[in-house]
Amino acid sequence: MTHRRTPCPPNDDDDDDDDDAANGSQGTGTCHQWTVDLSEQARETVNAIKTSLQDFIATTENVEAKRRMISWNDGMDELYLSAPKHQKGSDKVFVTPHIDGFVGWIPFMRAYRCVYGLTGPHDTVTIQPMRNPEEREVTLGPGVFTCFDFNREIHWIENRMHHNNASSISAEHSSPSTPASNSTAAAADAEGGHAPMEERMVLKLHFYEYPAVLHGLAPYFGAINRNYNFAARAAFLASQFPDRSVISKLIGSFINGITLLGGSVEVAYGICNVGIVCAITVATKAHLQTILLWLGSAHLVLYILAFVFRQTTQGMLVRDACALKATSGAILAVTYGQHSWKTFSARSFLVAAAGFGLSAWAFNVLGIDLTYFGRELGAVPADREVYYWPLYGPDALLPHPMILGSVVGMLGLRLHPTFGPEFARTFWVQCALYAVVLALEVTNLHLPEGSFGGASGYFNVFESFEAYHVVQGNVFAHLVTTGLGVLGLLGIIQNNCWNDSPAEAVAPGNSSGGGVGGGGGGDATVQKAKKEPVLGSHLPLMTLGGTWLVSRYTVPDDDTAYTVVALMAASAQYVWMVKPNNWTCLLLLALSVGLQELAHYYFGEGTYMASYADGSVPFGEAMLTFALHNIWLLPFEIRAAINTMTRVLTPSMMPGTV
């Protein structure tokens, strides 16, 4: 299936010769044709390509392990000719960072768009910034494809010079049904002197993926995406050439405006991060020092989680860490500036400037990829080193200059006579987290890839866990007993760390015994106690923001991650309303452990802990397994429950199939 000409009809408007000259010989900009309108033979070729793409998604996304299914959304499929040099009207959205769909807020469901190259060589590059460096820029020559979440992943296209693209066309992302030689032939064609095409022709093919237990609802999700795509296509075509009508110009301006706004927020900050920051801000009652404590430490928590678990892409880590660090930096600048305006400390300012200046210098030398664990995450070659005296290399004078500079900079802030005492708690927390980051970098301590680390490691450990949680009664009993433990733990945290419940307070200048001379009214009497909130953090929102942040970097299973966040937030809300005392919380924890053991005994299943704590496993591996068992306990139990429901409710369906 090879095409070299546009599937769109030529422009018949004789009055637009100037536009034709500006937009290409055909004067049509981007063009689209639904694949359902193709010939029967062409549709058979498209179906063969879709089958290979489905297999690719099923493998890379662990569809079968997650008990999910894939369906084809043929009504959205199209043959597409891009014109990235035409940047008028709605065509401009393609060269603007954008997300195609709008229903990414629906949990458990994913819609995939796979863009499959048909022609080349050409000058068009697809940019996907949230991925690792080798996947961020893809030139879709013949047989080369990329698949992404239609409703969640940011991307755009750019027109590049021909010589930059020839080397990018490779068979790395080739469809299994397409010979890899097609891609290399395209590169050879480019190197042989053939002029690159200004346009590219691709297939846009669509799937939706969902838990098998939700197979009854999944078609509605597919229909939502399909109908939205139809409406968006109609609006796009109506506004493709804004100079031809006022209506076209207005529609194009609206499409480009919302695309620019949404795309800019997602690529620079992240919509999820906006939600997390809002949750924490409201939870802390917008108290700047408390926000600084949590958000100022959040990027360090991400460093630790990314380094240890290695279940994220570097693009996502860079965006999230920079967004949270910039937020805390802005709050820090405001709070420190307010204090310095009233009381300026030269010693504090100079030490802080020297420290943060050293950190910025080290970042500039090291580069963004190596700074954010590109070597450790496999995003850059393992043997890539930086030699820059006096910061890096065998003769470097300053060990770990970025961490050293950050700690010195915070020390300078701590030296301020009025800001320093308020900043003390944040200072010690961040120093402790920097010490952990330093220890990880020095020891290279992380989960072993495959057996424990990465997405494959997560599912390997779960497979062992699930062998001891097969009986339906035992599986659901564990959800209840673990829920009791979660309530107890959250109650202890609320009572001792984040108590924001109303407290009885007596007005200043009064005591419970009244004023001198006894009874009477007025100022001498005991004023009625009133409820004043104690400074603290709202537990439900803090739990929502914290769990949301952590689960994205530790749980590579979206179904369980969504459920964990929802259950933790709901549990925190219940604890916040009921306010159990510490003794009740300790009792809940004890009942959680005891009833879990009783459930294993009653339903005749051994415990997972016994499988690695009996001495048959080396001590170090047993301790690591124990730690992961506890960290992933709730996600594992949720996944076991989902798998059990899949077996019960959809016995005739094989997960991971069409």
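Analyst: A charge sits over a ring if NZ of Lys or CZ of Arg is within 6 Å of the ring centre and within 35 degrees of the ring normal. In this predicted model, Lys 50 lies over the face of Phe 207, at 4.8 Å from the ring centre.

User: And which ring has the charged end of Lys 204 over it?

Analyst: That ring belongs to Tyr 80, and the charged end of Lys 204 is 3.8 Å from its centre.

User: OK, how many aromatic pairs are there?

Analyst: The structure holds 29 aromatic pairs. One of them joins Trp 34 and Phe 230, which counts as edge-to-face because the ring centres are 5.5 Å apart and the planes stand at 85 degrees. This pair links distant parts of the chain, with Trp 34 in strand 1 and Phe 230 in helix 6, 196 residues apart.

User: Are Tyr 458 and Phe 459 buried or exposed?

Analyst: Both Tyr 458 and Phe 459 are buried, and they belong to one aromatic cluster that also includes Phe 309, Trp 632 and Phe 636.

User: Switching topic, where is Phe 108?

Analyst: Phe 108 lies in the loop between strand 3 and strand 4, and counts as partly exposed because its relative accessibility is 26%. Among the residues that Phe 108 touches are Arg 68, Tyr 210 and Asp 559; Tyr 210 is 102 residues away in sequence, yet the C-alpha to C-alpha distance is 6.3 Å.

User: Last one: which residues make the nonpolar surface patch?

Analyst: Leu 587, Leu 591, Leu 595, Leu 598 and Tyr 601 make this patch of about 530 Å². Tyr 601 has its place in helix 19 and is exposed, with a relative accessible area of 72%.

Methods
Residues are numbered from 1 along each chain as its sequence is written. This is a predicted model: local features need pLDDT of at least 70, side-chain atom pairs count only at pLDDT 80 or more; totals for chains, interfaces and linings use all residues. Side-chain values use heavy atoms; hydrogens and water are left out. Patches are made of residues with over 30% relative accessible area and no salt bridge: like charges are joined within 9 Å, nonpolar side chains (Val, Leu, Ile, Met, Phe, Trp, Tyr) within 5 Å. Accessible areas come from the Shrake-Rupley method with a 1.4 Å probe; for residues, only the protein chains shown count as cover. A salt bridge is a side-chain nitrogen of Lys or Arg within 4 Å of a carboxyl oxygen of Asp or Glu. Helices (H or I, at least four residues) and strands (E, at least two) are DSSP runs, numbered from the N terminus. Buried means under 20% relative accessible area, exposed over 50%, partly exposed in between (1.4 Å probe, protein chains only). Contact means heavy atoms within 4.5 Å. Rings of Phe, Tyr and Trp (its six-membered ring) pair if their centres lie within 6.5 Å; planes under 30 degrees apart count as stacked, over 60 as edge-to-face and the rest as tilted. Lists of a residue's contacts leave out its neighbours within four places in sequence.
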